[in-house]
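Please have the structure open while I talk.

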Amino acid sequence: MTAAPLVAVLDYGSGNVHSAVKALNEAGADARLTRDRGLIADAAGLLVPGVGAFSAVMSALTASRGDELIGRRLAGGMPVLGICVGMQVMFELGVERGVNTEGLGEWPGSVTELHAPVLPHMGWNTVRAGEGSTLFAGLEEERFYFVHSYGAQDWTLDVIKPFREPVLTWCDYGTPFLAAVENGPLSATQFHPEKSGAAGIRLLSNWITSLPGA
């Protein structure tokens with residue numbers, strides 16, 4: 001029997017991490033909440049959770065040198081999955097209440113307030129999965145659970161062949177925003193898979209089975 005892939009959940013002070021660990025284990029991973037640099041470097045996958053303000057998440061990441069760990073894994077082609085604000089910080093800039101905060105810069109673009117009559121966007125919503133998505137295989141008609149007021153509302157990364165085009169998944173709330181991105185070793189979701197019931201567990205399972213050695 002093949003051992004469950006080791007997935008490190010980055011412990012940098014973000015909330016809601018234990019539900020993410022539980023969901024990953026249910027989806028077939030050996031998930032461990034950790035800040036051990038060796039374990040994070042060697043794990044088959046790294047999950048970056050994130051709740052609250054963009055600036056607070058970035059501050060906690062840099063204080064714990066989590067930004068370095070994420071960057072090193074991606075530079076080596078090792079899979080990383082960001083969730084909620086853990087997705088938002090992958091972009092260059094977060095703009096919240098007039099405050100600009102530099103993100104990790106893995107993707108160009110800004111995270112800004114959604115253009116919607118009621119905020120936050122909270123509850124279940126459908127998504128438009130990108131063609132060839134690994135995360136959403138078999139989940140094209142499912143709904144996922146969102147809690148956020150900010151998001152990436154455009155995509156500006158130009159990919160030069162032979163590199164593969166990123167798979168973009170969109171959601172509509174007031175205006176379209178990115179619900180998920182799959183871009184080489186870096187994937188991310190704006191919604192919470194760990195709060196999305198069976199569909200969220202299936203999505204995490206799809207990611208886990210794509211990991212090296214899985």
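The open sheet has seven strands in the order 2-1-3-4-13-12-11, with mixed pairing, where strands are DSSP runs of E of at least two residues and helices runs of H or I of at least four, both numbered from the N terminus, and two strands pair if DSSP finds at least two bridges between them. Strand 2 (30-34) and strand 11 (167-173) stand at the edges with a single partner strand each, so one side of each has no neighbour in the sheet.

This is a predicted model, in which local features need pLDDT of at least 70 and side-chain atom pairs count only at pLDDT 80 or more, while totals for chains, interfaces and linings use all residues. Residues are numbered from 1 along each chain as its sequence is written, and side-chain values use heavy atoms, with hydrogens and water left out.

Within the sheet, strand 1 (residues 6-10) and strand 3 (residues 45-48) run parallel and are joined by three bridges, and V9 has L47 in strand 3 as its bridge partner.

Now to helix 4: its buried residues (under 20% relative accessible area, with exposed meaning over 50% and partly exposed in between, for a 1.4 Å probe and protein chains only) are G66, L69, I70, R73 and L74. Seen down the helix axis, these buried residues fall within an arc of 125°, taken from the directions from the axis to the C-beta atoms, so they line one face of helix 4. On the other side of helix 4, R72 and A75 are exposed. After helix 4 comes G77, with a positive phi near 75°.
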